[in-house]
Each structure stands twice: as structure tokens, then as C-alpha cells.
Amino acid sequence: YCKLIGQFYTLNSEDEVIDVLLQFHQKYPAYRSVLELLGFQYYEKKMWRNAICYFEKATEDGNSLLYPLMSIYFSLAWCYGKIKDTRQEEANYRECAEISREAPFVLNNLGYCLFKQKRYNAAKTLFEECLEKKLDVQFAANNYVRVLIALGRNKDAKAFIKKGEFKVQKSLNEKVAKLENTN
């Protein structure tokens, strides 16, 4: 295992690292930490389904060895989002939120996942929590405006932007400006 870790940090190509990790895993399947390493290697290569496979195997018992469990669940959620499995994406972001609601990007990403599922009221609540706690305000403010528009709360979206407490991207400002002033 020590030799493997040395190779992990000294090999030049990701493909070589993956090959060495896979060979080791085939020979010594009891080393769960190798599953985490493989998960993150595939994650870096944007091979989402492979990453999911190894992350899920690594966390079957609800524990992790090398990386914080939060990082693995967050990465799993991201992978599921990339393959458009919003139910699994949501489940993994919820696991992150159980560990820490204040962790960067967790509530905003969970809210955006709910937004993609057209569960606007639940998403709105999460974006409001982000803004109240000053978490990821750059993204949460934009997403909050998006959810207000989706809910037909144009007047509220205009008031939120006019208040100016949080910066909203120019294209959203322009879009809201063209909307009727109704809720």
C-alpha cells in the first residue's frame, strides 16, 4: 500500500494512476481507501459514472477513510447532476446538509437541484436560508431571482433586485426589468 501511495503521487498521467489503482484493487480488494482514490481520479477526468461507482462502493457503510465524507457525498451529488439523475443528486446533497448546513455550496446546490426538478417552493426556502446566513450569496441571489420568476413572483423579483442587498447578474436584471410588475 505504501508503494501504491508513492506511485499515486509520482506518476505523471492520470491514466497511469488509474491503472495502478485498479491493479492494486484487483489484488487487494479489502483496501477501501483505494476506492476513494479511484472515485476522485475518475471525477477529475469527468468520467461521472465510473466516479459514482467507486464513491458508492467506498461509502457503503456510511464511512470514509481518506477524504471527509462530506467531500465524497458532495462529489457524488455533482456526478449525479452531470448525468441528470436529480433524485440521486438531491439525496447526496441532503447527506451533505445533514453533516453541515453551513458548508460551502451545499444549500445552494441542493436548492438548484430542486429548482431543476421544478420544486420551486422548496428551492426558494433553501435560497432564502443561504441569503439569510450569507452562504454562497453570489450564486444564491441569482438562483433566488430565478425561482421567483418561475413562481410568477415578478414583483418580488423586482423588489429583491431594487433593494440591492445582493448583486444579481446583469442578464437576470435585464430579464426581470422586462417582466410585468405582478405576482
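Student: How many residues in the lining of the second largest pocket are nonpolar, polar and charged?

Tutor: The lining has 5 nonpolar, 2 polar and 2 charged residues. Ala, Val, Leu, Ile, Met, Phe, Trp, Tyr, Cys and Pro count as nonpolar, Asp, Glu, Lys and Arg as charged, and the others, Gly among them, as polar. Lys3 and Lys27 line this pocket, so they count as charged. This is a predicted model: local features need pLDDT of at least 70, side-chain atom pairs need 80 or more, and totals for chains, interfaces and linings use all residues. Residues are numbered from 1 along each chain as its sequence is written, and side-chain values use heavy atoms, without hydrogens or water.

Student: What makes a residue part of a pocket lining?

Tutor: An atom within 4 Å of a pocket point. A pocket is an open set of points on a 1 Å grid over the protein atoms alone, where a 1.4 Å probe fits, with protein on both sides within 12 Å along at least five of seven lines.

Student: Which helix gives the largest share of the lining of the second largest pocket?

Tutor: H2, with 4 residues. Helices are DSSP runs of H or I, at least four residues, numbered from the N terminus. H2 spans 14–27.

Student: Why is Gln41 called buried?

Tutor: Its relative accessible area is 12%. Buried means under 20%, exposed over 50%, partly exposed in between (1.4 Å probe, protein chains only). So Gln41 is buried. Gln41 lies in helix H3. Beyond four places in sequence, its contacts include Phe8 and Leu21 (heavy atoms within 4.5 Å).

Definitions and conventions
Helix = DSSP H or I, 4+ residues; strand = E, 2+ residues; numbered from the N terminus.
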